[in-house]
Amino acid sequence: MSETKLPKVVIIGGGTGLPVLLRGLKKYNIDITAVVTVADDGGSSGRLRDELDIPPPGDVRNVLAALSEVEPLIEDLFQHRFNTGNGLSGHSLGNLLLAAMTTIRGDFVTAIREMSKVLNVRGKVLPAANQSVVLHAEMEDGTIVSGESKIPYSGKKVKRVFLSPEKVEPLPETLEEIRSADLIIIGPGSLYTSILPNLLVPKIGEAVCEAKAKKVYICNVMTQAGETLSYKASDHVQALYDHMARPFIDTILVNNENIPANVQERYTKELALPVEVDEDKLQAIGLDIIQDNLIRYEDGVIRHDTDKVASLLYSMIDVT
């Protein structure tokens, strides 16, 4: 008897949002592929990227940890960050292990595959490219800000983002996973610095737009100063459409739970406000809207409720 083919789900993103979502999705009997940005240039990732000339490992490390099925102590060890030590301070052990494996194997993608075996990772983790890319933002006043970590702090409004080098080859495996997916999930994550750096890799954005799978965008709960200040839900989608030069999303997942005043107050200091769900505009651009209470709180920080979101996403899979 042939094995039943598992539904194939591709998730595209980076930052803190992607691992949160993956921890919920891995509980389902699905074939998961996470496509992860390689534009990070801050912190430990940025230092290793500059010193060793390798793609930044941080976002990949967090995704590997989220999809791992090992003893909690092993995951804690992988995620451990050194606070002291000349040269070690600020680095996480997982970043160092990925850097070491890249040096041993001579290739970042191979290093990820090897670490996936060590961590018993449930699914595939693929970098958007097998090399570092630099993210640039053109601001509304025409100035250019270079570097993913610098863009949110420019104090200006983003007009568009773009990558260098312009000619970056995605992995053929990534394109194949996108084309054969049953569901493609975009987000959650920082719009300009976590999501778009993946879609802007030549051929990846095109493959997503042309894929037959249903495409779901998980909208951020809060606006983000330096990226999406005062953006409504439709503004997030429009930015994606503008960069891909075509509409391509079928469904948007948005939070409709009120955020307590004390939590909002904390975010106000960051100039962040709840994202307004402008239903009329979303419907006008042809989106199905799914609204639900999608959030939970961790030490006063808003996170997507991994189990709730994963359950909603799983219910959208259509393999008929």
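Predicted model: local features only at pLDDT ≥ 70, side-chain atom pairs only at ≥ 80, totals over all residues.
## Basis

Local features require pLDDT of at least 70 and side-chain atom pairs count only at pLDDT 80 or more, whereas totals for chains, interfaces and linings use all residues. Residues are numbered from 1 along each chain as its sequence is written, and side-chain values use heavy atoms, without hydrogens and water.

## The antiparallel sheet

An open sheet is formed by 3 strands in the order β5-β4-β6, with antiparallel pairing. Strands are DSSP runs (E, at least two residues) and helices likewise (H or I, at least four), numbered from the N terminus; two strands pair if DSSP finds at least two bridges between them. The edge strands, β5 (144–146) and β6 (158–164), each pair on one side only.

Strand β4 (residues 134–139) is joined to β5 by 3 bridges, and V145 in β5 is the bridge partner of A137.

Strand β9 (residues 251–255) is largely enclosed by the rest of the structure, because 5 of its 5 residues are buried (under 20% relative accessible area, 1.4 Å probe, protein chains only). T251, L253 and N255 cover one side, while I252 and V254 lie on the other.

β9 pairs in the parallel sense with β8 (residues 214–218) over 3 bridges and with β10 (residues 288–292) over 5 bridges. I252 is the bridge partner of Y217, and D288 that of T251.

Notes. Buried < 20%, exposed > 50% of the residue type's maximum accessible area, 1.4 Å probe, protein only.
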